[in-house]
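Hi there,

Here is the structure I promised to pass on, with my notes below it.

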Amino acid sequence: MECTSACSRVSGDEQLKAEILRLKEEKNAVILAHYYVDGALQDIADYVGDSLALAQKAAECCQDARIVVMCGVHFMAETVKVLCPDKKVLCPDLAAGCSLADSCPADEFEAFVKAHPDHTVITYVNTSVAVKALSDVLVTSGNARKIVESFPADAKLIFGPDRNLGAYINSTMGRDMVLWDGACHVHERFSAEKIAELRKAHPGAPVLVHPECKRPVVLMADKVGSTAVLLDYALKSDAKEFIVATESGILHKMKLGAPDKTFIPVPPSDSTCGCNECSYMKLNTLEKLRDCLKNESPEVTVDPELAAKALKPIDRMLELSR
């Protein structure tokens, strides 16, 4: 009975994929997907990447499309709309938000910025378009060190909203950036204790950690980096086992790129088993992708005046990342 159910599910997925591909061609659409969404969505997307890569693709590769679908979270779709104002930008589920973006309300961040005059505002891309509009330059986990390094050592800097990423940059670069007190609910749940347990069970396996994790977790890492950096490290390393402390969606690409290697997800601190998943990212499904292409909704729109302000720090990030 279970086999019949599984076969039916696979058959249903293939039918959905066929519908999506047909609609994509019919509607002249491009599908972008983040590493943290379900593997089936990654497989059908035109481009898969982290926040930086997807922003670059939106800026460079979507000009011929009429529709851009962002399979990720809402702020990513907003960024696409800012970069491609003449495109119809769709998001399979508008409820796909971001705990990190939610931890930084625009009005409170504006007051924080005003309380630190003469500071340059460096903001993580995981923010609303309204917060981006208050910023001087954006960063991702993949380019944050490079962009911070572009400022003089004595520059007065504000970094928001991720306190863990900001603290990591401060500690590794000798900076003293003023940090906004925000965090990602997924990366906050990793613990040094869980990693120690896995290290004991898998001696010699490199520990891969995202810099949004707490400092005790970061200190246990053999490699710290963005999802793209961790993926590249895992594929190129001679090691055969890896302990991975970031959202478990990245394991899909790791397994595809290195099927002979074993990738062990670190469970959240309040669990003895299971992956640490972003509930927002997992709101994206094949069914919702099919429906949003079919109905050309839900559509993500951004106020033009706000978009113009947000475009400046986005463009500066892309320029400094080249």
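Before the sheets, one definition: two strands are taken to pair if DSSP finds at least two bridges between them. Please also keep in mind that this is a predicted model.

Strands E10, E9, E11 and E12 form an open sheet in the order E10-E9-E11-E12, with parallel pairing. Strand E10 (223-224) and strand E12 (262-265) are at the edges and have a single partner strand each, so one side of each is left without a neighbour in the sheet. Inside this sheet, strand E9 (residues 207-209) runs parallel to strand E11 (residues 241-245), and three bridges link the two. Helix H10 (residues 192-201) lies across E9, E11 and E12, and its direction is at about 175° to E11.

There is another open sheet of four strands, again with parallel pairing, and its order is E6-E5-E7-E8. Here the edges are strand E6 (137-139) and strand E8 (178-179), each of which pairs on one side only. Strand E5 (residues 120-124) pairs with E6 in the parallel sense over three bridges, and Tyr124 faces Val139 of E6.

In one of them, the axes of helix H12 (residues 227-236) and helix H13 (residues 250-257) come within 10 Å and cross at roughly 25°. An angle under 35 degrees counts as roughly parallel, so H12 is roughly parallel to H13. The crossing of these two helices is right-handed. On the H12 side the contact is made by Thr227, Leu230, Leu231, Ala234 and Leu235, and on the H13 side by Ile250, Lys253, Met254 and Gly257. Sorted by class, the contact has six nonpolar, two polar and one charged residues.

The other contact joins helix H4 (residues 74-83) and helix H15 (residues 304-321), whose axes come within 9 Å and cross at roughly 95°. That angle makes H4 roughly perpendicular to H15. H4 contributes Thr79, Val82 and Leu83, while H15 contributes Ala307, Ala310, Leu311, Ile314, Asp315 and Leu318. Seven of the residues in this contact are nonpolar, one is polar and one is charged.

On to the aromatic rings: how many aromatic pairs does a search of the whole structure find? The search finds four. One of them is Phe109 with Phe112, where the ring centres are 6.3 Å apart and the planes are at 25°, so the pair is stacked. Both residues belong to helix H6 (residues 106-114) and lie three residues apart, about one turn of the helix.

Finally, some backbone details. Most residues other than glycine have a negative phi, and most peptide bonds are trans. Against that background, a cis peptide bond joins Gly160 and Pro161, with omega about 0°. Pro161 sits in the loop between strand E7 (157-160) and helix H9 (163-173). Another cis peptide bond joins Ser297 and Pro298, with omega about 5°, and Pro298 is in the loop between helix H14 (286-295) and H15. Asn28, a residue other than glycine, has a positive phi near 55°. You will find Asn28 in the loop between helix H1 (2-27) and strand E1 (29-34).

Conventions:
Residues are numbered from 1 along each chain as its sequence is written. This is a predicted model: local features need pLDDT of at least 70, side-chain atom pairs count only at pLDDT 80 or more; totals for chains, interfaces and linings use all residues. Side-chain values use heavy atoms; hydrogens and water are left out. Axes are lines fitted to C-alpha atoms, for helices over the stretch in contact, and angles run from 0 to 180 degrees between N-to-C directions. Angles under 35 degrees count as roughly parallel, over 145 as roughly antiparallel, 65 to 115 as roughly perpendicular and the rest as oblique. A crossing is left-handed if the near helix is turned anticlockwise from the far one by less than a right angle, and right-handed if clockwise. Contact means heavy atoms within 4.5 Å. Ala, Val, Leu, Ile, Met, Phe, Trp, Tyr, Cys and Pro count as nonpolar, Asp, Glu, Lys and Arg as charged, and the others, Gly among them, as polar. Rings of Phe, Tyr and Trp (its six-membered ring) pair if their centres lie within 6.5 Å; planes under 30 degrees apart count as stacked, over 60 as edge-to-face and the rest as tilted.
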